[in-house]
Amino acid sequence: MNIFYCLLLLNLQILNLPQPNIALSIINYTLMKLDLLVFAVHPDDAELSCGGILLAEKMKGKKTGVIDLTRGELGTRGTIEIRKEEAAVAAQILQLDVRENLQMDDGFFKNDEINQRKVIVALRKYRPEIIFCNAPEDRHPDHGRSAQLVEDAAFLSGLRKIETCDQGKAQQEWRPKYVFNFIQDTYLSPNFVIDISDVMEQKLEAIKAYGTQFNSPDMSEPQTYISSPDFLDSIIYRSKMFGKMIGVNYAEGFISKKMIGFNSFDAFIKVNT
Ligand SMILES: [Zn+2]
């Protein structure tokens with residue numbers, strides 16, 4: 001598949017026209033394979049909900065990334081440009097290998113073919129073993145909708161007859177082994193929790209990188225649900241509560257539709273609780 005065919009395919013996809021059925025040869029090109037990839041609908045969702053495990057896994061040598069689906073342009077505070085800068089600073093604190101933005105419409109994006117294809121392209125580009133998405137239900141309606149979009153795309157990405165291109169090259173199918181939901185505003189019971197005690201301080205630093213969104217005394221913009229000091233406290237309390245369940249100081253909790261398998265009991269935390 002050459003770049004012209006890829007552009008043609010992209011245009012046909014955007015115009016929702018039938019695509020030509022041509023036998024294509026896959027061209028191999030350099031890929032950065034990630035171990036963990038987070039798909040979060042708003043910049044700052046990843047930091048709030050799974051910033052700890054991103055950093056904890058990075059410390060263990062894993063490759064990590066965040067794909068933000070929207071630019072958070074409907075947020076009461078800040079602008080697209082400022083939020084982009086904040087996301088870049090947070091990415092540095094979390095030592096991410098990759099951070100991209102798919103520029104879907106904040107508040108109005110649909111779980112449709114165009115957006116599913118955007119997620120599929122990212123999945124096939126980075127070929128992560130494990131992905132994370134927003135909570136299946138939450139205060140913000142974008143969260144549950146984006147979670148379903150990512151889950152659907154993760155399945156479709158494994159179907160070889162769905163053709164996609166990146167940088168003018170045909171992509172090969174890829175399906176991540178696990179799709180986990182992180183837990184955000186509404187309390188949802190986790191299926192498993194992971195110790196983030198060693199990186200809790202940096203997780204909070206990454207959240208505070210979003211100066212326009214969270215408690216910042218010098219901000220002149222209107223107060224919002226998430227800008228009060230109580231909101232940041234609630235993040236800490238939630239992490240403490242999940243930590244207490246497994247006998248550590250802080251943890252993050254996740255939901256899995258799929259049964260999780262272990263190779264041995266070595267990975268278990270052995271603390272009396
Ligand atoms: Zn959000």
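Helices and strands are taken as DSSP runs, of at least four and at least two residues respectively, and are numbered from the N terminus. By this scheme the chain, examined here as a predicted model, contains 7 helices and 9 strands.

The mean pLDDT of the chain is 88, and 84% of the residues reach a score of at least 70. Residues 14–29 form a stretch in which pLDDT remains under 50. For this stretch the model has 29 contacts beyond four places in sequence. Where pLDDT is low, predicted coordinates should not be read in detail. Of the 273 residues in the chain, 47% are buried. Among contacts between residues at least 6 apart in sequence, 81% join residues at least 24 apart.

The phi angle of Q95 is near 55°, which is a positive value in a residue other than glycine. Most residues other than glycine have a negative phi. Q95 has a relative accessible area of 41% and is therefore classed as partly exposed. A phi near 55° is also found for Q103, a residue of strand β3. Q103 is partly exposed because its relative accessibility is 45%.

D97 counts as partly exposed, since its relative accessibility is 27%. Although D97 and L34 are 63 residues apart along the chain, their C-alpha atoms are separated by 8.2 Å. When residues up to four places away in sequence are left out, D97 touches M32, L34, K58, K62, K63 and T64. With K58 there is also a polar contact between side chains, at 2.8 Å from D97.

The zinc ion is coordinated by ND1 of H42, by two OD atoms of D45 and by NE2 of H143, at 2.1 to 2.6 Å. Along the chain, these donors follow the spacing H-x2-D-x97-H. The angles among the 4 donor atoms run from 53 to 124°, and the site is irregular. Ideal angles for four tetrahedral donors are 109.5 degrees. H42 and D45 are both buried.

The count of disulfides is 0. The cysteine sulfur closest to that of C50 belongs to C133 and lies 9.9 Å away, which is too far for a bond. C133 is likewise in no disulfide, with the sulfur of C50 as its nearest cysteine sulfur. A disulfide needs two cysteine sulfur atoms within 2.5 Å. C50 has a relative accessible area of 0% and is therefore buried. The relative accessible area of C133 is also 0%, so C133 is buried.

In helix α7, which spans residues 229–246, S239 was examined. S239 is classed as buried because its relative accessibility is 3%. Apart from neighbours within four places in sequence, S239 is in contact with M200, N249, Y250 and A251.

Key
Residues numbered from 1 in each chain as written. Predicted model: local features only at pLDDT ≥ 70, side-chain atom pairs only at ≥ 80, totals over all residues. Heavy atoms only, no water. pLDDT = per-residue confidence, 0-100. Contact = heavy atoms within 4.5 Å. Donors = N, O, S within 2.8 Å, 3.2 Å for Na, K, Ca; no water. Tetrahedral: all angles 85-135°; square planar, octahedral: opposite > 155°, others 65-115°. Buried < 20%, exposed > 50% of the residue type's maximum accessible area, 1.4 Å probe, protein only. Polar contact = N/O pair within 3.5 Å; in protein donor to acceptor, adjacent residues only side chain to side chain.
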